[in-house]
Amino acid sequence: MAFNVLDSNKDGTISLDDFDDLFNSYGGARMDRDMWYSLLGEADKNGDGVVTFPEFKEAMGVLLKSGLT
């Protein structure tokens with residue numbers, strides 16, 4: 001469900017543009033692209049600039065196992 005919320009254009013991936021769209025849709029200020037680029041890069045295991053569902057699932061598993069929820 002979280003992946004689907006973050007995938008704002010419903011193309012099956014999460015990109016910087018998806019984060020930007022999400023923040024803007026809630027009336028928020030423009031996001032700090034450097035911060036999100038860093039977070040996206042941690043989850044983007046194949047380095048293609050987007051996070052697929054399997055990459056997202058792996059990243060969330062690591063996060064949950066680390067106790068940072």
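**Packing of helix 2 against helix 3**

The axes of helix 2 (residues 16-25) and helix 3 (residues 33-43) come within 10 Å and cross at roughly 130°, where axes are lines fitted to C-alpha atoms over the stretch in contact and angles run from 0 to 180 degrees between N-to-C directions. The contact (heavy atoms within 4.5 Å) is made by Leu16, Asp17, Phe19, Asp20 and Phe23 of helix 2 together with Arg33, Trp36, Tyr37 and Leu40 of helix 3. Six of these residues are nonpolar, three are charged and none is polar, with Leu, Phe, Trp and Tyr among those counted as nonpolar and Asp and Arg among those counted as charged.

The model is predicted, with pLDDT of at least 70 needed for local features and 80 or more for side-chain atom pairs, while totals for chains, interfaces and linings use all residues. Residues are numbered from 1 along each chain, and side-chain values use heavy atoms, without hydrogens and water.

Within helix 2, Leu16, Asp18, Phe19, Asp20 and Leu22 are buried, that is, under 20% relative accessible area with a 1.4 Å probe. These buried residues pack against helix 1 (2-6), strand 1 (13-14) and helix 3.

The protein chain comprises four helices and two strands, DSSP runs of at least four residues (H or I) and at least two (E), respectively, and follows the pattern α-β-α-α-β-α along the sequence. Buried residues make up 29% of its 69 residues.

Methods: Buried < 20%, exposed > 50% of the residue type's maximum accessible area, 1.4 Å probe, protein only.
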